[in-house]
Amino acid sequence: MANNLQDEAACTVCLEVFFSPITLSCTHTFCLYCMQSWMKEQEDLKLVCPMCRGVIENPPLKDWQIEELALLITQHSSRLEQGMHMSDEYLKFWEDITLDPATANSFLVFSEDLRSIQYGKIYQNLMEDPQLGCVLGTPCFVSGCHYWEVEVGEGNEWALGVCKMSVNRKRPSGFSSDHGFWIIRMKAGTIYTFSVLETRIPVSPGLCHVGVFLDIELEEIKFFDVSNDVLIYTHNNLSCLEPLCPFFSLELPREGEKGASLKICPS
């Protein structure tokens with residue numbers, strides 16, 4: 001999506017985002033100054049399109065729609081670039097994450113390759129095991145950059161991120177950075193950040209694939225909507241003197257409903 005927007009707003013002469021765009025009668029659009037420079041190079045005084053080489057009889061028109069698009073892209077270039085270069089920058093840090101059944105309760109069902117989980121049945125007595133659907137991933141990390149992706153499924157309720165190896169996962173109310181968790185949680189169409197200053201983010205339509213990038217040296221973890229090339233949220237200040245483990249959680253299904261699932265994407 002970001003690439004398409006950049007292409008729509010780029011002049012084919014200077015290859016930059018349009019500045020004062022004009023459209024010729026042949027429908028090709030260029031920067032005004034690019035056309036002026038082009039005309040100075042021509043031996044005759046005819047206006048010729050740099051792309052189709054057609055002779056233009058009618059005066060060029062100011063293209064207000066392209067100018068507005070170019071302005072929006074310029075204003076939001078950092079976020080667009082973040083999406084465009086997500087794959088190129090982060091895929092080289094891809095980690096082969098699997099789930100650790102020893103860290104989960106007995107009501108979660110694992111796939112044979114230990115990359116996906118779902119509830120085996122509805123759990124009735126929450127007081128007996130309040131851990132719910134939490135499970136850690138392996139390996140855990142003490143340094144460097146690490147990236148993985150998770151298929152979360154549209155409409156499912158889940159939580160993803162990292163946590164300290166020593167955290168108490170049997171305390172659902174304590175899933176915050178203060179308690180050693182740096183996660184996001186999707187519930188009822190909203191992303192909750194569990195940050196010190198709690199942030200609620202509306203979910204993008206069709207969110208079903210989340211990328212997680214952990215940079216321990218920069219003390220941050222980023223979450224991406226992979227399909228739409230959009231940064232969802234960044235947790236900062238992950239100051240920790242112990243290993244950080246990938247964290248996954250599924251909400252308990254309601255009676256009569258089929259349990260949701262999470263799947264770690266293979267490298």
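Predicted model: local features only at pLDDT ≥ 70, side-chain atom pairs only at ≥ 80, totals over all residues.
Two strands count as paired when DSSP finds at least two bridges between them.

Seven strands, or 7 in the order β4-β7-β16-β9-β10-β11-β12, make up an open sheet with antiparallel pairing. The edges belong to β4 (98-99) and β12 (200-202); each has a single partner strand, so one side of each lacks a neighbour in the sheet. At the β4 end, the antiparallel pairing of β4 with β7 runs over 2 bridges. Here Leu99 sits opposite Gly137 of β7.

**The disulfide**

How many disulfides does a search of the whole structure find? The search finds 1. The partners are Cys140 and Cys245, with their sulfur atoms 2.3 Å apart. The torsion about their S-S bond is about 100°, so this disulfide is right-handed. The pair links distant parts of the chain, 105 residues apart: Cys140 lies in the loop between β7 (133-138) and β8 (145-151), while Cys245 belongs to strand β16 (residues 244-250). Both β7 and β16 are strands of the open sheet described above.

| Cysteine | Relative accessibility | Class |
|---|---|---|
| Cys140 | 29% | partly exposed |
| Cys245 | 1% | buried |
| Cys52 | 39% | partly exposed |
| Cys163 | 0% | buried |

Cys52 takes part in no disulfide; its nearest cysteine sulfur belongs to Cys49 and is 3.7 Å away. A disulfide needs the two sulfur atoms within 2.5 Å.

**Confidence**

How far does the predictor trust its own model? The chain has an average pLDDT of 80, and 80% of the residues score at least 70. Which element has the highest confidence, and which the lowest? Confidence is highest in β4, at 96, and lowest in helix α4 (residues 77-84), where the mean is 51.

How values were computed: Residues numbered from 1 in each chain as written. Heavy atoms only, no water. Helix = DSSP H or I, 4+ residues; strand = E, 2+ residues; numbered from the N terminus. Buried < 20%, exposed > 50% of the residue type's maximum accessible area, 1.4 Å probe, protein only. pLDDT = per-residue confidence, 0-100.
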